[in-house]
Amino acid sequence: MVIHELRHIQQRLLINDYNNGKTVKDVNNDIDNWIENAKVENYVSDTNSIDYYTQPLEFDAYAFTEMIFILDNEQQYNRQ
């Protein structure tokens, strides 16, 4: 799950840039949701809850990880 955790680092960096007035392409709508989700009172930490996996920060990190694996598999397939 290293890729997943790296995505969380990238999310934090993007949020920081956004909060400092920098233009962040392609994720502006997501950033607002990430900022709201990152608040302690809004973040679901119970991994046994479906709410954990469907909250914006986690959903994005899992989707990002899946996309990396899909792209990697496509590259391996194309090499054959």
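A residue counts as buried when its relative accessible area is under 20%, as exposed when it is over 50%, and as partly exposed in between (1.4 Å probe, protein chains only). The model described here is predicted: local features need pLDDT of at least 70, side-chain atom pairs count only at pLDDT 80 or more, and totals for chains, interfaces and linings use all residues. Residues are numbered from 1 along each chain as its sequence is written, and side-chain values use heavy atoms, with hydrogens and water left out.

Helices are DSSP runs (H or I, at least four residues), numbered from the N terminus. In helix α2, residues 28–38, the buried residues are Ile31, Trp34 and Asn37. They lie on the same side of α2, because the arc they cover around the axis is only 130°. That arc is taken from the directions from the helix axis to the C-beta atoms. An α-helix has 3.6 residues a turn, so residues three or four places apart point the same way.

Helix α1, residues 2–19, contains Gln11. Gln11 has a relative accessible area of 1% and is therefore buried. Contact means heavy atoms within 4.5 Å. Not counting residues up to four places away in sequence, Gln11 touches Trp34, Leu57, Asp60 and Ala61. Trp34 is also one of the buried residues of helix α2. A polar atom of the Gln11 side chain lies 3.1 Å from the backbone oxygen of Leu57.

His8 is found in helix α1 as well, and it is buried, with a relative accessible area of 8%. Its side chain makes a polar contact of 2.7 Å with the side chain of Gln11. A polar contact is a pair of N or O atoms within 3.5 Å; within protein, one must be able to donate a hydrogen and the other to accept it, and residues adjacent in sequence count only if both atoms are side-chain atoms. With neighbours within four places in sequence left aside, His8 is in contact with Leu57, Glu58 and Ala61.

## Salt bridges

A salt bridge is a side-chain nitrogen of Lys or Arg within 4 Å of a carboxyl oxygen of Asp or Glu. By this rule there are three salt bridges. Arg7 pairs with Asp60, their closest N and O atoms being 2.7 Å apart. Arg7 lies in helix α1 and Asp60 in helix α4, so this pair ties together parts that are 53 residues apart in sequence. Both Arg7 and Asp60 are buried.

Lys39 forms a salt bridge with Glu36, with the closest N and O atoms 3.0 Å apart. Lys39 is partly exposed at a relative accessible area of 35%, and Glu36 is partly exposed at 39%. Asp17 is joined to Lys22 by a salt bridge whose closest N and O atoms are 3.8 Å apart. Asp17 counts as partly exposed, at 26% relative accessibility.

## Exposed positions

Val2, Leu6, Ile9 and Leu13 make up a nonpolar patch on the surface, with about 390 Å² of accessible area together. Leu6, in helix α1, is partly exposed, with a relative accessible area of 49%. Nonpolar side chains (Val, Leu, Ile, Met, Phe, Trp, Tyr) are joined into a patch within 5 Å, and like charges within 9 Å, from residues with over 30% relative accessible area and no salt bridge. Accessible areas come from the Shrake-Rupley method with a 1.4 Å probe; for residues, only the protein chains shown count as cover.

Asn78 is in helix α4, residues 56–79, and is exposed, with a relative accessible area of 62%. The C-alpha atoms of Asn78 and Ile31 are separated by 34 Å, the two residues being 47 residues apart along the chain.

Conventions: Helices (H or I, at least four residues) and strands (E, at least two) are DSSP runs, numbered from the N terminus.
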